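Colleague: Could you take a close look at the salt bridges of this model and describe them in one connected account?

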Amino acid sequence: MADRAREAARRQDALEKPLLLFFLFAAAGWVWEVLFVAISAGRLVNRGFLHGPWLPVYGAGGLLFLLLAGRLRARSGTLFLLCALLGGALEYGTSLWMEAVFHARWWDYAGWAWNLEGRVCLASAAAFGLAGWWLVRRAGPALWRALDRMPAGDRRRLCRWLCALFAVDAAVSVLLPNGGPGVSFSP
C-alpha cells in the first residue's frame, strides 16, 4: 500500500512541477512583452490573447527548451540554435493557429528584418535562442531545485489554484479574446 501511495505522489509530482514551470514561464513572457511594448511604444499593453498575466506560448516554449534541448546543455552553440528553431517554429505555428481560429493577429513582424510572413523574424528567433540557452544552462536547474524544496502540499495547492485561474481565463478569452492595441482582427 505504501508503494502505491509513493508511486501516486511521484506521478503527481511529475505533473505539478512542469505545470508550475509552464505558469512561471508564461508569466515571465507576459512581463517581457509588456515591458518591451512599454519601452518601444511608450504605453502599457496586455499583449496576450488571454486577459490574465500570462502568455502560453512562452510557457510552452520554456518547457520545450528544458525537455527537448536539455540534453544539449554542454553544447552552447547547438543549444542556442535548437532553441532559436524551436521558439521560432512554436511562434510561427501559434500565429497560424490563432489566426485560423480567431481571425486575428496578436503580433506582426512585417517591418522587421528577415521575417517570415510577419509571424516570426530573425530577432525573435534569436531572442528565443538566448532565452532557451539561459534557461537550460542556468535558470532551469535552479527552478527545479526550488520546486523540489517547496512542500508538496503547497506545490499541489498552488498548481490547482493556477490551473483553475488559467481555465477560467481561457474560457472567457475564447468567448471574448483580449483585443487591445496591436491586435488586428480580420473578417
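Modeller: In this predicted model, Glu-16 and Arg-155 form a salt bridge, with 3.8 Å between the closest N and O atoms; the term denotes a side-chain nitrogen of Lys or Arg within 4 Å of a carboxyl oxygen of Asp or Glu. Because Glu-16 belongs to helix 1 and Arg-155 to helix 5, the pair ties together parts that are 139 residues apart in sequence. Helices here are DSSP runs (H or I, at least four residues), numbered from the N terminus. Both Glu-16 and Arg-155 are buried, where buried means under 20% relative accessible area, exposed over 50%, and partly exposed in between (1.4 Å probe, protein chains only).

The structure holds seven salt bridges. One of them joins the side chains of Glu-99 and Arg-105 at 3.3 Å, N to O. Glu-99 counts as partly exposed because its relative accessibility is 24%, whereas Arg-105, with a relative accessible area of 16%, is buried. Another salt bridge pairs Arg-119 with Glu-117, the closest N and O atoms being 3.2 Å apart. Arg-119 is buried at 9% relative accessibility, while Glu-117, at 48%, is partly exposed. Through shared partners, salt bridges join Glu-99, Arg-105, Glu-117 and Arg-119 into one network.

As to conventions, residues are numbered from 1 along each chain as its sequence is written, and side-chain values use heavy atoms, with hydrogens and water left out. The model being predicted, local features need pLDDT of at least 70 and side-chain atom pairs count only at pLDDT 80 or more, while totals for chains, interfaces and linings use all residues.

Conventions
Helix = DSSP H or I, 4+ residues; strand = E, 2+ residues; numbered from the N terminus.
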